[in-house]
Amino acid sequence: MCNAETFSTQGFHFNVLAYGVELVSNVDENGVKVVPDYSGDIIIPDKVSYDGQDYFVTQIASDAFEYSHDVTSVIMPKFLKIIKERAFRDCNKISRLVFNEGLVTIGADNFNGCPLTELILPSTVTKIGQYCFNSLPITSLNLPDNLQRIEVQCFSYCDNLKSVNIGKSLTVISPYFLLGCINLTEINISDKNERFKVENNSIIDMALQSLVRVPGGFIGKYIVPDVLKIETSAIGHCPYISEIIFNENLEEIDYVGCAWNDNVISVIIPDKVKTIGYESFAYNNKLETVTIGKSVNLVDIDAFSHCPMLKTITCLPQFPPETPGNITDEINYLYTNLRVPQSAKGAYFLQKYDWRKFVNSVIFDENSGIESVLQSNKTIIGRYNLDGIPVDESYKGVVILQLSDGSIVKKLSE
């Protein structure tokens with residue numbers, strides 16, 4: 001019998017596999033998918049008969065129940081092994097979900113936005129694909145001991161979630177896990193897990209020496225454990241954190257590592273940090289001051305974008321860190337003060353990176369901290385645009401002024 005052979009029975013459509021059958025979406029005579037009309041309580045049969053032979057239902061195909069907006073509960077068949085990607089996408093009225101023991105894989109983009117108040121995952125599941133189980137009203141989550149991989153953005157924005165228990169076999173946690181779970185305060189990990197541990201109520205990757213996730217309900221001052229890296233979104237969407245204290249051995253802050261924190265006012269990045277990732281401090285609505293440590297060599301695009309209260313960036317490296325693009329919003333280039341060491345003023349104001357775009361640039365003495373200001377008795381001996389090309393007094397826009405005392409300042413010429 002051909003593996004592609006398809007038949008219908010008990011209101012479902014199936015493909016015959018080498019072992020069992022796969023529940024598939026319905027298609028018309030032209031092979032185009034037909035939006036399913038499933039509704040109410042769905043009980044998928046354990047086995048079906050076709051052409052005189054019985055078959056166990058072992059898989060649910062991609063898109064099989066997609067857009068089934070009126071399905072309210074699903075009971076999986078007892079021999080099911082795989083739920084493929086998008087099988088239950090946009091089935092946002094499922095309030096009861098019964099998985100079978102024996103299920104191994106849950107594919108990507110399934111069971112988001114369902115009104116599930118309880119989620120019981122079978123002990124046999126080893127992998128959950130990306131974009132699964134987001135925006136659920138569950139209050140607790142138990143990840144079974146056999147689960148090995150969680151792909152990108154799973155269990156995010158579960159506003160009622162308060163506690164999570166992680167089993168012993170989990171070895172891969174991808175970005176955005178538990179992101180935006182603003183009432184999450186308790187994370188537990190099995191003592192037998194050899195990859196991850198809990199420190200300061202946060203998930204630590206012991207192999208990479210990195211911070212993976214701070215619970216979104218953490219309140220007050222957060223002290224970063226002794227790690228080398230803050231992973232993507234690790235301290236993201238933590239609206240109740242008022243201050244972040246970085247450890248002195250930290251070397252890297254990854255993509256959106258500390259973004260979307262509404263109550264952080266000041267940030268001091270330690271001297272051993274080398275990389276500040278893309279949007280790493282973006283969308284911090286109350287952030288006013290930033291100090292960039294001496295060893296930073298890369299400040300990625302939009303690292304401090306969408307920070308409307310940003311007043312001052314103090315950049316301590318003697319050579320300006322590379323900036324592949326704008327590190328903040330255009331309006332901040334006009335109104336945010338950039339403070340740089342006196343000994344490095346030329347490097348910052350006459351180089352190819354975006355530091356020269358700051359109109360309000362201030363030079364400070366590294367020893368005394370005293371800031372220099374433009375005195376009226378200083379003579380302007382050179383006038384340049386941001387590309388370093390000489391311009392005359394009629395030039396409109398941001399200009400770099402070279403003064404007679406050797407100092408360099410910027411101003412907006414209107």
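Is arginine 356 buried or exposed? Select it and see: arginine 356 counts as buried, because its relative accessibility is 15% (buried means under 20% relative accessible area, exposed over 50%, partly exposed in between, with a 1.4 Å probe and protein chains only).

Before going on, a word about what is on screen. This is a predicted model, in which local features need pLDDT of at least 70 and side-chain atom pairs count only at pLDDT 80 or more, while totals for chains, interfaces and linings use all residues. Residues are numbered from 1 along each chain as its sequence is written, and side-chain values use heavy atoms, with hydrogens and water left out.

**Stop 1**

Aspartate 387 is exposed, with a relative accessible area of 56%.

**Stop 2**

Glutamate 393 sits in the loop between β32 and β33, ten residues away from arginine 383. Arginine 383 is buried at 18% relative accessible area, while glutamate 393 is exposed at 63%. For a linked set, select Glu66, Arg89 and Asp109, which salt bridges with shared partners join into one network.

How many salt bridges does the structure hold? There are 14. Another to look up is lysine 93 with aspartate 70, whose closest N and O atoms are 3.5 Å apart. Lysine 93 is partly exposed at 44% relative accessibility, and aspartate 70 is partly exposed at 45%.

**Stop 2: threonine 323**

Jump to threonine 323, in the loop between β28 (312-315) and α1 (330-335). Threonine 323 counts as buried, because its relative accessibility is 6%. A polar atom of its side chain lies 3.0 Å from the backbone nitrogen of aspartate 354. Beyond its neighbours within four places in sequence, threonine 323 is in contact with Val299, Tyr353, Asp354 and Trp355 (contact means heavy atoms within 4.5 Å).

**Stop 3: a nonpolar patch**

Next, show Ile331, Leu334, Tyr335 and Leu412 together: they make a nonpolar surface patch of about 400 Å². Helix α1 gives the largest share of the patch, three residues. Leucine 334, which lies in α1, is partly exposed, with a relative accessible area of 34%.

**Stop 4: serine 174**

Serine 174 is in the loop between β15 (172-173) and β16 (186-189), and it is buried at 11% relative accessible area. Its contacts, leaving aside neighbours within four places in sequence, are Ile150, Glu151 and Val152.

**Last stop: confidence**

Finally, colour by pLDDT (the predictor's confidence in each residue, from 0 to 100). The protein chain averages 91, and 93% of the residues score at least 70. Then select residues 373-377, where pLDDT stays under 50 and the model has three contacts beyond four places in sequence. Where pLDDT is low, the predicted coordinates should not be read in detail.

How values were computed:
Helices (H or I, at least four residues) and strands (E, at least two) are DSSP runs, numbered from the N terminus. A polar contact is a pair of N or O atoms within 3.5 Å; within protein, one must be able to donate a hydrogen and the other to accept it, and residues adjacent in sequence count only if both atoms are side-chain atoms. Patches are made of residues with over 30% relative accessible area and no salt bridge: like charges are joined within 9 Å, nonpolar side chains (Val, Leu, Ile, Met, Phe, Trp, Tyr) within 5 Å. Accessible areas come from the Shrake-Rupley method with a 1.4 Å probe; for residues, only the protein chains shown count as cover. A salt bridge is a side-chain nitrogen of Lys or Arg within 4 Å of a carboxyl oxygen of Asp or Glu.
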